[in-house]
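Colleague: Hi, I'm new to this one. Could you walk me through it?
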Amino acid sequence: MYGMFLYQIRDRAFHNNDRVKMLEVGLGCGMPYGPGESIPVWQYIFGGSDTLELWVTDIDKNCIEDMRKQGKLEGVHTLVGDQNEEEDMMRWATESGGNFSVIIDDGGHKTHFIMNTFNALWNHALAPGGLYFIEDLFVQRFFHDSPVFAEILGIW
């Protein structure tokens, strides 16, 4: 799914001799497959750190520090914070300088986390004409008996 959108962003940046600035919410700390698994994918699509300014967030500061010590975050900027805290996400926008070409929310998949993140980052961190993706819109259905974000979007 990403290819049809991300390659356009990449090609536009290359044409303008610019870098793509991307934020992924959720490094994957605590996931069974391990943290940082998407980083090589983004670096491959966008051609590495010369053409990609990649930022990732996670709530687990120790996990981020461990990943950095292992050399798995070379050329990657990191931010620590909680999707449940608007102040943290506003700090992400400030510390990173915002103006992201691409934001991917793959953090906590609870509806209120997704809504909080969208409300904070859409207006304060996404560049005009940028793309905002939300992963795993129906995951909450498997863990809680409450509306999932995809249903809320349909009503919205």
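Modeller: Happy to! Strands (E, at least two residues) and helices (H or I, at least four residues) are DSSP runs, numbered from the N terminus. This is a predicted model, where local features need pLDDT of at least 70 and side-chain atom pairs count only at pLDDT 80 or more, while totals for chains, interfaces and linings use all residues. Residues are numbered from 1 along each chain as its sequence is written, and side-chain values use heavy atoms, leaving out hydrogens and water.

Colleague: Thanks! In what sense do β1 and β2 pair?

Modeller: Parallel, over six bridges, with β1 covering residues 20-25 and β2 residues 52-58. Two strands count as paired if DSSP finds at least two bridges between them.

Colleague: And how does the chain get from β1 to β2?

Modeller: Through helix α2 (residues 39-46), in a right-handed β-α-β crossover. Right-handed means that, with the strands pointing away from the viewer, the path from the first strand over the helix to the second runs clockwise.

Colleague: What is the strand order in the sheet?

Modeller: The order is β3-β2-β1-β4-β5, an open sheet of five strands with parallel pairing. β3 (76-80) and β5 (126-134) are the edge strands, each pairing on one side only. From one strand to the next, the twist averages 20°; axes are lines fitted to C-alpha atoms, for helices over the stretch in contact, and angles run from 0 to 180 degrees between N-to-C directions.

Colleague: Back to β1: are its residues buried or exposed?

Modeller: Six of its six residues are buried. Buried means under 20% relative accessible area, exposed over 50%, and partly exposed in between (1.4 Å probe, protein chains only). V20, M22 and E24 point one way, with K21, L23 and V25 pointing the other way.

Colleague: Which strands does helix α1 lie across?

Modeller: α1 (residues 2-15) lies across β1, β4 and β5, running at about 155° to β5.

Colleague: New topic: how many disulfides are there?

Modeller: A search of the whole structure finds one, counting cysteine sulfur atoms within 2.5 Å. C29 and C63 form it, with their sulfur atoms 2.1 Å apart. C29 sits in the loop between β1 and α2 and C63 in helix α3, 34 residues apart.

Colleague: Why is it called left-handed?

Modeller: Because the torsion about the S-S bond of C29 and C63 is about -85°.

Colleague: Is C29 buried or exposed?

Modeller: Buried, since its relative accessible area is 14%. C63 counts as buried too, at 12%.

Technical notes:
Contact means heavy atoms within 4.5 Å.
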